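I am opening my notebook to record what I looked up in this structure, going from single residues out to whole chains.

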Amino acid sequence: MTFAGWLTIFLFAAILTALAMPLGSYMAKVYTGRRVFLSPIFSGPERFLYVILRVDPKREQDWKSYAKSLLIFSLAGWLLLYVILRTQNAFFVPHGLNPLGYHSAPWNVTFNTTSSFLTNTNWQYYGGETTMSYLSQMIGLTVQNWLSGGVGIVVAVALIRGIIGRSGKSLGNFWQDLVRTVLYVLTPISVIGALVLVSQGVIQNFTTYLTAHTVTGLTQSIAMGPVASQEVIKMLNTNGGGFFNVNSAHPFENPTAFTNLFEMLLVLIIPAALVFTYGRMTGNRRQGYAIYSAMMLMFLGAAIVAYIAEAHGSPAQHAAGLHTHVISGSTGGNMEGKEQRFGIAGSALFDVVTTVTSCGAVNSAIESFTGIGGAVPMANLSASEVIFGGVGTGLYSMLLYVLLAVFIGGLMVGRTPEWLGKKLEAREIKLAGLGILITPLAALFCTAMATASHAGRASISELGKGPQGFSETFYAYLSQANNNGSAFAGYTGFIQPNAGNVGSHGVTFADLLGGFDMLFARYAPILFALAVAGALAGKRVTPAGLGTMRTDNPTFVVLLIGVIILVGALTFFPALLLGPVVQGLTGHLY
Amino acid sequence: MSAQMPATHERQAISLFQRDIVKRALIDSFKKLDPRVQIHNPVMFVVEIGSLITTVTWLIQAFGGKPLGGGNEPAWYTFLISVWLWLTVVFANMAEAFAEGRGRAQADTLRAMRKETVARMRDGSTKAAAELTRGDVVVVTPGELIPGDGTVIEGIATVDESAITGESAPVIRESGGDRSAVTGGTRVTSDEIVVEITQEPGQSFLERMIALVEGAERRKTPNEIALNILLAALTLIFMIVVATLRPFGLFSGTSISETTLIALLVALIPTTIGALLSAIGIAGMDRLVRRNVLALSGRAVEASGDIDVLLLDKTGTITIGNRLASEFVPMPGVPESELAEVAQLSSLADETPEGRSIVVLAKQYGIREHDMATLHAEFVPFTAQTRMSGVNIDGQQLRKGAGDAIIELVRGEGGSPPPELQAVLDRIGNEGGTPLAVSRDSQVLGVVYLKDTIKEGMKARFDQLRAMGIKTVMVTGDNRLTAAKIAEESGVDDFLAEATPERKLALIREQQQDGRLVAMTGDGTNDAPALAQADVGVAMNTGTQAAREAGNMVDLDSNPTKLIEIVEVGKQLLITRGALTTFSIANDVAKYFAILPAVFIGTYAASPGGKGPLHVLNIMGLGTPRSAIVSAIIFNAIVIPLLIPLSLRGVRYRPIGASALLRRNLLIYGLGGIIAPFIGIKLIDLIVHNLLGG
């Protein structure tokens, strides 16, 4: 452990908070229809889009209508993406957009990939540079990177509107919220972000792959492509699907220690800002601060544990006589699977950042983390994406937990529970309870199917029997259920002997189970969150008094963290025991 | 708080461990094993199904078969688990049965009062009391039981209501006015009254009261339903966790028996609160009954915890209700003692509280007591026309009365009231007091200052209510000035002056419009609309039948301050639910650490039968895997009876503000809920392990 390492972690938290607060206020203005400084630039395109989409932004939608628009939009996006991916070398695709003439991946892998990008998961059974054409990457995957994140954000906004709604059933207008998200929030940050990345050496071109002759006399193919534009949104919308197979460990995706920090900020900026947006929209900024504190405390806890574990190295590494202490020129610790330019802190923190959110990008090999270090991302995933979480997803999932915490804690002050003045009754509890149940249900059910069946075990690599195989499987379905997308490697759904998908075939069981895991764990909670919003929207508000439980003070933060750990994370305790914990206790080097 | 409480007639507390209650509760605990009863409680229903499966497994093992679901556990283990699972259900039933038992004991006492009487109709015919319907008119003479609930339409009588209220002193019931309601089953002790029946057969107050305390009409309250849903959701989550553990275990080379999986499931689902939830609800009603308040629905008890605004009648609640003499203000040239003496003499025959208070105050001026008979005095009583009273002694007219009435009298006698008089009268009026002018023949001697006396301890009480987050509004017929003065002195938050039934109703509506819940008390017929509109309307038992039907609670003591206690009971009820839910969920941590290391002790062991890496998680150092699981299940079961007293008594409510209260309860039931089972399971394991010898 080094001073620079600790500084990285705490400085990051400080910068994030400082940037997220103003962005949160800005977004609150955007979603309450007030003028912002970018209005002169975007109000024209905004009106133009409404005309093209043929929507009347003034038409208010109740939760059912809002959900219907969302589902129709998603279904259309799914079909479009599936067709693009399956026709990437069709006759009508210009050669320049598929210079290497890659075939399409098989139907089952494409089903998984389509579901994955649509649900903001970006679980990848494929390697980008050996599977996807430039067209697929840009028009297919990148577009969904934008839209899937946008869908998550508008659900969070709709839920906030339900919570604060004073009368009636309206949650706003889905199309208006989506258009505004893309124009006023995602576009400006992406443009600036892409330019920053390019300035640091991230590539953005359409050239064919370069051939390099190495000193040993071999030739090496160096993949090219429009990386920067996809990289920025991959991080900003917590998608995580890399242009290249090694994701953010690749120097063309993440070239320097600075881009590493910058990319981590991109990942957390919207999930963090949305919490402040919530505070602003409720009219009491402290509501946002309380939730932010709970998230930040859990986040820092995870980062500290991961950093200590990785910097310390595993017991087996010590036993094997590997020197893991800090010596000149080396930060020591467990450097297996990590990039020198990021170091231990830069890798551990990146790992925590991308697993608390639904990002899932990686800049190091998680399966090479120490037992405890590797348990951290799994524990993060077990918290069901409420520590900042995915864009929008994080906030709406967290708000469902807030609802449960208010219900349990509210009773203990001697009143029937009320949240921001609204009484919580059977209907809301039922919907929130079901909403929270989905992620554990999907993750555990799919892992059980996969570990119990012969077809499921086919995806586990030969080396990975025992706890490693269990971890791989569990992580795969937990990650897909959380729409995260990061992987513990080893778990395959795609056999690809040659680049360009020649002779490749998918593992149907893993592809389909994973695909359904992602779709179910994405859309069921969205529907429950919107239904909760609908149930709360019309409720009468009781003014707060001394006898009302506050949801904006430290006591509530403690209660909320307690509920998340006891009700959420603990459900994965048995599975964690059989995976990383067993591994951490046995003689594995990493 | 209770120390300052005006005397509340407490029903004789029924001990939890009274012999017949215990006996009946024990029998009921087994009767309630009927699945048709259990299905209403999802958590306990799951436990019962689990008990059935483990029992079947044990039977299979007892007859030499293999345990269901693999594993090589001995039959005694399966037997122990299934016994304790059954006991878990029985304990849950026992909690409910105890709560019902206490209510039933009270109902039995009431039932004994219900005697078959024959009603004498006004037309001379007779009719069985049970057949009386609304609109029947009956005559009741001294010594007779009133055959049904009704309103006195003729006459005045004293009635012994001890059967219902427990208060032995007879009360007066008369036609017209606010004391016209009579209750079936009470006894007339003097005079004859004519009563119009206001109930349908079988719907009498006594019968409804019996049904209520017995819990026969108990329906789940909205909050109880919501909590039940939460518990069902948690149960569902843990069912998924446990169901998927079988394949996970098999993948890791560990087969887990059905019995152990069921034990883990029962340990994880919130059985503690699931078992005690309905007992907590019944006990809440019971606690009100013991304070002599009848809640006509559980919903009303729950709502009383939520009250934001309390409407309190000034008279009888905030003030003693009688204006008492506090000062003599003599006119210039009149000695104070002379005024005091004349005032005393004029009040000698005046038996009203005001009159008596003047005599008492005069004593402080050293005026000796006079005797009417020896003075040959002639008493002049108060009438609405003269608005004064007094005596005639030795040809002197001593009078006391309303200021303008006395002025008129003095002028009529040829005197002229001193100019200072009007100023004194105005000052007292403005201060919220009542001035009584005192005169002797044509001379005004001075003024007696009658003060509306505020009950002791009211300020502290209102401070407490404020800390509870409850706003108090004083309702009075006084003018604004007087009302403001009393409001300020008593420390009440707000007041409604010159109140009429309409204005009271409007005030309640206005508060409800802003999302507040309102509670009030009332007794008169004109209070009925407001009582019906209020979220918690407490009707006084002395009130009219209309008021009693409009409210959702009836206070048998007719004590308006009772509202404050009712609010406390409501809050206690909700806190107890929340606290035990928290405790139940927090318990899971220790249970995981007890059961999972036991289940996975052999997983990835270096040698078959040896200990695997996960055994280090046995941080409690429990004896053997089997004793660990059995201990966790025993803890899970016996914590239920241990918490029965708490759930019947309720977690104490302290008016310290919501934040402090939450902190306190989180610490006790949250943190305590995490720690307690670690200690409990370890202790039980020490016993189990040593008894079984592993």
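**Entry 1: A:N483.** I began with A:N483 in this predicted model, and I noted that A:N483 is buried because its relative accessible area is 2%, below the 20% cut-off. I then looked up where A:N483 sits, and found it in the loop of chain A between helix 17 (467-481) and strand 5 (494-495). The backbone angle phi of A:N483 is near 50°, which is a positive value in a residue other than glycine.

**Entry 2: A:A521, a contact of A:N483.** Leaving out neighbours within four places in sequence, I listed A:I438, A:A442, A:A481 and A:N483 as the residues in contact with A:A521. A:A521 belongs to helix 18 of chain A, which covers residues 508-537, and with a relative accessibility of 6% A:A521 counts as buried. I also looked up one distance along this list: A:A521 and A:A481 are 40 residues apart along the chain, yet their C-alpha atoms are separated by 5.2 Å.

**Entry 3: A:N247.** I turned next to another asparagine with a positive phi, and for A:N247 the value is near 60°, again in a residue other than glycine. A:N247 is placed in the loop of chain A that runs between helix 8 (227-236) and helix 9 (257-282). Is A:N247 buried or exposed? Its relative accessible area is 4%, so I wrote A:N247 down as buried.

**Entry 4: A:N112.** This asparagine is found in helix 4 of chain A, residues 107-118. I recorded a relative accessibility of 0% for A:N112, and therefore A:N112 counts as buried. Which residues touch it, once neighbours within four places in sequence are left aside? I found A:N112 in contact with A:W123, A:Y125, A:Q480, A:A510, A:D511, A:G514, A:G515 and A:M518.

**Entry 5: A:I564.** I looked up A:I564 in helix 19 of chain A, which spans residues 554-568. A:I564 has 0% relative accessibility and so counts as buried. Not counting residues up to four places away in sequence, A:I564 touches A:M298, A:A383, A:V386, A:M398, A:Y401 and A:A569. The C-alpha atoms of A:I564 and A:T548 are separated by 22 Å, and the two residues are 16 apart along the chain.

**Entry 6: The nonpolar cores.** I reminded myself of a general point before going on: in soluble globular proteins, nonpolar side chains tend to be buried together. The largest nonpolar core here has 327 residues, and those that touch the most other members are A:I270, A:F299, A:F388, A:M398, A:L399, A:W419 and B:L310. I followed one of these, and noted that A:L399 touches A:L159, A:I160, A:I163, A:Y278, A:I291 and A:W419, with residues up to four places away in sequence not counted. Apart from this core lies another one of 36 residues, and B:A362, B:I407, B:V410 and B:V448 are among them.

**Entry 7: Chain A as a whole.** I counted up the elements of chain A as 20 helices and 6 strands. Its radius of gyration is 23 Å, close to the 25 Å that the globule rule gives for 590 residues, so chain A is as compact as a globular protein of that length. The C-alpha atoms of chain A fill a box of roughly 75 × 60 × 45 Å along the principal axes. Of its 590 residues, 65% count as buried, and the chain exposes about 19900 Å², with carbon and sulfur atoms supplying 68% of that surface. Among contacts in chain A with a separation of 6 or more, 78% join residues 24 or more positions apart. I also noted 31 positive and 23 negative side chains in chain A, with the centres of the two sets 15 Å apart.

**Entry 8: Chain B as a whole.** Chain B has 24 helices and 22 strands. The box filled by the C-alpha atoms of chain B is roughly 120 × 60 × 45 Å along the principal axes. Buried residues make up 55% of the 694 in chain B, and its accessible surface comes to about 27400 Å², of which 56% belongs to carbon and sulfur atoms. For contacts in chain B with a separation of 6 or more, residues 24 or more positions apart account for 70%. Last, I looked up the charges of chain B, where the mean positions of the 65 positive and 75 negative ones are 10 Å apart.

Note on methods:
Residues numbered from 1 in each chain as written. Chains lettered and ligands numbered in written order. Predicted model: local features only at pLDDT ≥ 70, side-chain atom pairs only at ≥ 80, totals over all residues. Heavy atoms only, no water. Helix = DSSP H or I, 4+ residues; strand = E, 2+ residues; numbered from the N terminus. Buried < 20%, exposed > 50% of the residue type's maximum accessible area, 1.4 Å probe, protein only. Contact = heavy atoms within 4.5 Å. Areas by Shrake-Rupley, 256 points an atom, 1.4 Å probe, with all protein chains shown as cover. Lys, Arg positive; Asp, Glu negative; His and termini not counted. Charge placed at Lys NZ, Arg CZ, Asp CG, Glu CD. Core = buried A, V, L, I, M, F, W, Y, C linked by side-chain atoms within 4.5 Å. Rg over C-alpha atoms; globule rule 2.2 N^0.38 Å.
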